[in-house]
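Let's go through a model together, one feature at a time. Ask whatever you like as we go.

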Amino acid sequence: MRSILLLPLLTGILAGCTVGPDYAGPPKAVSDAAPPAGFVRGDAQAVTAAPPVADWWKPLGDPLLDDLIARALAGNTDVKAGEARLRQAQAALGEQRANLGPKASASALYAHAHVPGVAFGQSDSGSDSGSDSGGSGDGTDLNLYNLGFNASWEIDLFGGQRRAVEAARAGIEGAEASLADVQVSIAANVAKSYLDLRDRQQRIALGQQSIAWQEEALGLTRQRLERGTATAMEVAQAEGQLASARAQIAPLAAERDAFMNALATLTAQAPGALDAALAPAGEIPLPPAAVPVGDPARLIANRPDIRAAERELAADTAKIGQAEAARFPRLSFMGLIGIGGTKISDLGKLDDFTALAAPQLSWSFLDFGRNKAKVGQAEAVRDEAEARYRGTVLTALRDAEDSLARYREGRVTVAALARTRDKAALAESLTEQRFQAGTATRIALLDARGQRNSAEQNLVSARAALTADYVAIQKALGLAWK
């Protein structure tokens, strides 16, 4: 009796033993030292150390862009796939938790047998009116009815199942981070495609304006040729400039259509579905005067792909414990209850049943190193996950520094091209004044307009690139999850 009472106590004590390493948090990834207090490539005039906001596109002040990103985050197919992966991870955790409890099943059996040459169930008088079986020397028919219930429970002596639950829980958190990472990419891709679309639309409009002026200039040059004040070479040059301007429009138009298609598919719609809303050309949204970026430590803590890599490391660490637990003894309990007989009425005889209860202890102590090898594999997988985590952190820091550097230089480029455009506009204004005064030709005025138009196109591209660099900063920071 004492042994029976001590068995549950001993089982409880052993069940508190969990083998394998406990996860101690993410390792330091930057030369085993803390990351710097601030980004080294940031521009003090353009960025601040204030915490960034998730809805980074709102400061751009473009309602249509806000709507497109909201649609994409709600309905994009990659987002839906990420949500499905998260549900898979949640279901996997439910399965592992269920494995901690007992397993039970019920069964019902009916069997009919005909055995030739043997008379079962007959008395000496050759009759048994109370039996469902009957027969003669030529054979016997036998019916069998049975209801059964069985259960089994493996005690988690060394924490293998608990480690499996720990790994599954980390898997859920990793799936959540991966979903956030998808949302980061989707928001950035929508913004980038939108900026490219607005850039192409403005450049097409400026290009068409330039074509109109060059067509007028070509006509004037041909008139001068007829009057003998221009050469055939000047006409050929004007024709070449016009042809070149026309040739630049076609690829821009193709790219414009491609970006509209991209925005449609990013928002889970068929190509062309957004043409009516996107066709009117709009201004290129510009970033705010100061961009909050936080610091490297905040990036490491918040960027979704880093969080996903860290959760994968946690899960792989827990799996070492799963492999370790397989090297130790396993204790399980099995129980069986069954009722039945040769007649249906026997199923109601609850006091006449078969019962079996048996504990089982098993231990694969002689496996010639198989379990040890599995532990070694699990440790190597954990080491690989740690290396990937470190690499992910370094890549994230590089992405942030690269995008900050491009943004810093992009501001310089925009300022320089704005000055160039202003100078070209001043030259156009002065030439127009001279034309009105009769001291400059119409062709000279058209040429000045073309110079200003070219400077305007360069400035449009630089502005679009600057805002794209702003988007790249937000993507590098890992923002836009919901």
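**Reading the features**

Q: Does arginine 388 count as buried, exposed or partly exposed?

A: Arginine 388 has a relative accessibility of 33%, so it counts as partly exposed. The scale calls a residue buried under 20% relative accessible area, exposed over 50% and partly exposed in between, with a 1.4 Å probe and protein chains only. Keep in mind that this is a predicted model: local features need pLDDT of at least 70, side-chain atom pairs count only at pLDDT 80 or more, and totals for chains, interfaces and linings use all residues. Residues are numbered from 1 along each chain as its sequence is written, and side-chain values use heavy atoms, with hydrogens and water left out.

Q: Which residues meet arginine 388 in salt bridges?

A: Side chains of opposite charge can pair when their charged atoms come close. The cut-off here is a side-chain nitrogen of Lys or Arg within 4 Å of a carboxyl oxygen of Asp or Glu. One partner of arginine 388 is glutamate 312, at 2.4 Å from N to O. Glutamate 312 belongs to helix 8 and arginine 388 to helix 9, so this pair ties together parts that are 76 residues apart in sequence. Helices here are DSSP runs of H or I with at least four residues, strands are runs of E with at least two, and both are numbered from the N terminus. Glutamate 312 is partly exposed, because its relative accessibility is 35%.

Another partner is glutamate 384, whose side chain meets that of arginine 388 at 2.7 Å, N to O. Both of these residues sit in helix 9, 4 residues apart, about one turn of the helix. With a relative accessible area of 46%, glutamate 384 is partly exposed.

Q: How do helix 8 and helix 9 pack?

A: Two packed helices are described by the angle between their axes and the distance between the axes. The axes are lines fitted to C-alpha atoms, for helices over the stretch in contact, and the angles run from 0 to 180 degrees between N-to-C directions. Helix 8 (residues 304-325) packs against helix 9 at about 170 degrees, and their axes are 9 Å apart. The two are therefore roughly antiparallel to each other. Their contact divides into 12 nonpolar, 2 polar and 11 charged residues.

Q: At what angle do helix 4 and helix 10 cross?

A: Helix 4 (residues 160-227) and helix 10 (residues 442-477) cross at roughly 175 degrees, and their axes come within 10 Å. Helix 4 and helix 10 are therefore also roughly antiparallel to each other. This contact has 14 nonpolar, 12 polar and 10 charged residues.

Q: Where does alanine 314 lie, and how far is it from arginine 169 in space?

A: Alanine 314 is part of helix 8. Alanine 314 is buried, because its relative accessibility is 5%.

Q: How many residues lie between tryptophan 56 and valine 471 in sequence, and how far apart are they in space?

A: Tryptophan 56 and valine 471 are 415 residues apart in sequence and 8.3 Å apart in space, C-alpha to C-alpha. Tryptophan 56 is in the loop between strand 1 (47-48) and helix 2 (63-75). At 2% relative accessibility, it counts as buried.

Q: What is the phi of alanine 268?

A: Most residues other than glycine have a negative phi. Alanine 268 has a positive value, near 65 degrees. You will find alanine 268 in the loop between helix 5 (232-266) and helix 6 (275-278). Its relative accessibility of 40% is why it counts as partly exposed.

Q: Where does leucine 366 lie, and is it buried or exposed?

A: Leucine 366 lies in the loop between strand 7 (353-362) and helix 9 (370-437). At 59% relative accessibility, leucine 366 counts as exposed.

Notes. Parallel < 35°, antiparallel > 145°, perpendicular 65-115°, else oblique. Nonpolar A, V, L, I, M, F, W, Y, C, P; charged D, E, K, R; others polar.
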